[in-house]
Amino acid sequence: MQTLSYSSQPPSPNTPSTPHQQSRNSIRLLSGILAVNILLLGSALVCGAAFSKVKVLSDEEIHIYLTILLILTTAWMIFYMVHTASRTQAVLYKDSHAGPIWLRGGLVLFGMASLIMDVFKTGYSTGKLNCESPVKVTFPLVQLVFVVVQTYFLWVHSKDCVQKQSNITGCGLMLTLATNLMLWMSAVTDESLHQTREEASKPNGSFDHLRDGSISGCECTHGACEIFEKGFYYLYPFNIEYSLFASAMTYVMWKNIGREIDDCSPHKISFRTKGVVFGVIVGLLVVIAGLGVFVVYEVEVTGDASKERVLIMYYTFCIVGLSLMSLASLAGSVIYRFDKRTVVSTKNPTRSLDVALLLGAALGQFLISYFSIVAIVAEKATRTVSMLNLTCSCLIILQLCLQNLFIIEGLHKQPYHAEPPVVSVVFINEGTSRSNPYSPSLKNDNDEPSPVENSLERSSHSHDFSSTTHSSSSRMSWKRRALKEISGFLLLCNVIFWIIPAFGARPQFENGLEEWVYGFSMWVAIVNIGLPFGIFYRMHSVASLFEVYLTS
């Protein structure tokens, strides 16, 4: 078996040749222009169809545009797997940091939920074929095939550093990225409009002017339409996360085009839960309490008599949970001050993307929180709900800052080595060696210590070094355990803070203060822009915290 030698390959990316770097820049420029044009055109079409008073396009025409993108992207992925990846020297390198197993596992999980959503959409649209376009049946079927092909493609090829057909691969990956972002944008828009219509259907709500536009005269031909509709709207959060996961993995593949990596011995990190108890237990208690609050919120928030009580319960839970998360993040950052692990300084597209997504997605929560704070302070509101809302908004900002600091520091730390350093100790039976006439003399002719005697002296020092190493390992163990406890706790808390808004809780529309200050149209726009980023932030934090847990 031939051993792969990286020294015989082209030079590392840290010292690239000028033509090589120019080629990579040209590929990025060409494919980037393609992606920007697809996204801008798609954004104009989706927003024009959803929010314009005079509809630019109907839903059927938007689905046609998305279906074309799905077909082109699926065809390119099949071409890549069949032709490009199978060519000689097409993929000389693999990026060990790209597409970790937990990320690919999450992609498969969300992909399965997306497949179920597409089945529900197909069943729902089939029942309305008598009055709606067949495109609404075609689109979910094409999307189903796309999800299957893309999931397999990213599972197998997410680590590829392509060296051949770079132009075609770069444009194909940017087409894939733009398609996933378009699907994300379309799903977020559909879900936001659905939530707005839900608010419009409430009695005595402030959304009365939206009701007429949300009523459709199209009747379903079978009795399962309502079940299918509720089902795929509940699965929208998983489909949204699937599109974002796929976009992130595709972007890393695009960044790795033409990259030459000397990384043949990556760290092997295993998932272990031994000794991690307290953080997981407290995190599970927060999750259980959050699920209870969410169920009560969904059941009772529509009643005028119980609305204020439910909002007080909701904000109280958020304040307690965010306070615990802030303290845990602060404690983790303090522990990092005593952590002697080296900081990873090498270029890594995956890590850079994780940091950028954390910081960028947090802006959605910042947007809503700051607008709420300004509204409450400006109105000098003294109601209990308003004061709890103010406290909760301030804690969200603090918690996001502390958690980002903890996660980013953790992502830039070298993983702990699973095995302690090996200490070589020489044991020699001194009495036997001196009494044996056939043993070599411990002294040389000049009465200087022989190599064997030196070995005896070094062995005595080795015992001291071994005990020192053991003591150091014991000191490190409490840091590792504490970091794992904190990471596990924050991971579970972020799960419940993802579930509550992702599945329909909208307290921003229930307390009424921000809507009264900013006006209905502006406040709905703020929430519909910021909330999807906030939901994505929580899920991406879960993925990043899982990586911090593993490397701790």
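Trainee: In which helix is the place of serine 372?

Mentor: This is a predicted model, in which local features need pLDDT of at least 70, side-chain atom pairs count only at pLDDT 80 or more, and totals for chains, interfaces and linings use all residues. Residues are numbered from 1 along each chain as its sequence is written, and side-chain values use heavy atoms, with hydrogens and water left out. Helices (H or I, at least four residues) and strands (E, at least two) are DSSP runs numbered from the N terminus. The helix that holds serine 372 spans residues 349–379 and is H11.

Trainee: Is serine 372 buried or exposed?

Mentor: Buried means under 20% relative accessible area, exposed over 50%, and partly exposed in between (1.4 Å probe, protein chains only). Serine 372 has 3% relative accessibility, so the residue counts as buried.

Trainee: Which residues does serine 372 touch, not counting residues up to four places away in sequence?

Mentor: Contact means heavy atoms within 4.5 Å. By that criterion, the partners of serine 372 are Ser393, Glu514 and Trp523.

Trainee: How are H12 and H16 oriented to each other, and why?

Mentor: Axes are lines fitted to C-alpha atoms, for helices over the stretch in contact, and angles run from 0 to 180 degrees between N-to-C directions. Helix H12 (residues 384–411) packs against H16 at about 40 degrees, with the axes 9 Å apart. Angles under 35 degrees count as roughly parallel, over 145 as roughly antiparallel, 65 to 115 as roughly perpendicular and the rest as oblique. H12 and H16 are therefore oblique.

Trainee: How are H3 and H4 oriented to each other?

Mentor: The axes of helix H3 (residues 101–126) and helix H4 (residues 135–157) come within 9 Å and cross at roughly 165 degrees. H3 and H4 are therefore roughly antiparallel.

Trainee: How many disulfides does a search of the whole structure find?

Mentor: A disulfide is a pair of cysteine sulfur atoms within 2.5 Å. Cysteine 171 is partly exposed at 21% relative accessibility, and cysteine 493 is buried at 0%. The number of disulfides found in the whole structure is 0.
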